[in-house]
Amino acid sequence: MSAPVKVLPTAKHTASLIFLHGLGDTGHGWAAGLKALKFEHVHCVCPTAPAQPVTVNAGMKMPSWFDIFGLSPESPSDEEGINRSSEILKQLIKDEEDKGIPSNKIFVGGFSQGGAVSLYTALTLGKPLAGVIALSSWLPLHQKFPDAIKGDVSNLPVFQGHGYEDPMVPYKWGELTNKTLSTHLKNIVFKSYHMMHSSCEEEMEDVKNFIEKIVKA
């Protein structure tokens, strides 16, 4: 992996956000959008996934957190790849802890498959995080929950954003993920937007408000 792209806070660093991009993107793609939010105290870390063949894209190599075998709910999951990327995210969390930022001041999040890795990691980490941001995403390996949950995640703040017209990760997947999470977590925000498989200014403002409310608490 290449070194993550980092966006420094405008004032004292008291919290961190590790944000994972979607399939075929890089850390640079989201760093620009996060920089525009002008966080005062949040240091943003945007890693780039290793390049690997992706089955649904005819085996073409591209930055990907895990392989995708199909686009239906019945398609098998790349459990090995999901766990491998989860370990990468756990190491990035540890890197922030080594800088003196406790885990409960570290947010993880991502877009599409990046959000999937973030949700999976937050629920299986076994230590408290500041919150999770899952944009146009889903809970991977959902069949393993709730047994895979480690520790008490009932108070973990989660922000879900999803487009009504998403053709890649259907809106229904976001709803089902929210339903699954809501049986174990009590602090979930689920916002819907008139967009496809993308983000929008309104969503990013909602992300900023979600994070800053927790940071300032």
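Which strand holds V5? V5 sits in β1, a strand of residues 5-7. The model described here is predicted.

**Largest nonpolar core**
- The largest nonpolar core has 37 residues. Those touching the most other members are I18, F66, I93, L123, L129 and L156.
- At least two residues of this core come from each of β2 (15-20), α2 (79-98), β6 (106-111), α3 (113-124), β7 (131-135) and α4.
- Helix α3 gives the largest share, 6 residues.
- Leaving aside residues up to four places away in sequence, L156 is in contact with A122, L123, L129, G131, V132, L185 and N187.

**Another core**
- Apart from the core that includes L156 lies another, of 25 residues. Its members include V5, V7, L17 and V207.

- V5 has a relative accessible area of 17%. Buried means under 20%, so V5 counts as buried.
- Beyond residues up to four places away in sequence, V5 touches G27, H28, A31, C44, V45 and C46.
- P50 is 45 residues from V5 in sequence. In space, the two are 14 Å apart, C-alpha to C-alpha.

**S136 in a loop**
- S136 lies in the loop between β7 and β8.
- Its relative accessible area is 0%, so S136 is buried.
- S136 touches F111, S112, G161, H162, D166, V169, M195, H197 and S198, with residues up to four places away in sequence not counted.

**A nonpolar patch on the surface**
- Four residues form this patch: L23, V56, L71 and M168. Together they have about 310 Å² of accessible area.
- M168 belongs to the loop between β8 (158-163) and α4 (171-182).
- Is M168 buried, partly exposed or exposed? Its relative accessibility is 42%, so M168 counts as partly exposed. The partly exposed range runs between the buried cut-off of 20% and the exposed cut-off of 50%.

Terms used. Residues are numbered from 1 along each chain as its sequence is written. This is a predicted model: local features need pLDDT of at least 70, side-chain atom pairs count only at pLDDT 80 or more; totals for chains, interfaces and linings use all residues. Side-chain values use heavy atoms; hydrogens and water are left out. Patches are made of residues with over 30% relative accessible area and no salt bridge: like charges are joined within 9 Å, nonpolar side chains (Val, Leu, Ile, Met, Phe, Trp, Tyr) within 5 Å. Accessible areas come from the Shrake-Rupley method with a 1.4 Å probe; for residues, only the protein chains shown count as cover. A salt bridge is a side-chain nitrogen of Lys or Arg within 4 Å of a carboxyl oxygen of Asp or Glu. Helices (H or I, at least four residues) and strands (E, at least two) are DSSP runs, numbered from the N terminus. Buried means under 20% relative accessible area, exposed over 50%, partly exposed in between (1.4 Å probe, protein chains only). A nonpolar core is a set of buried Ala, Val, Leu, Ile, Met, Phe, Trp, Tyr and Cys residues joined through side-chain atoms within 4.5 Å. Contact means heavy atoms within 4.5 Å.
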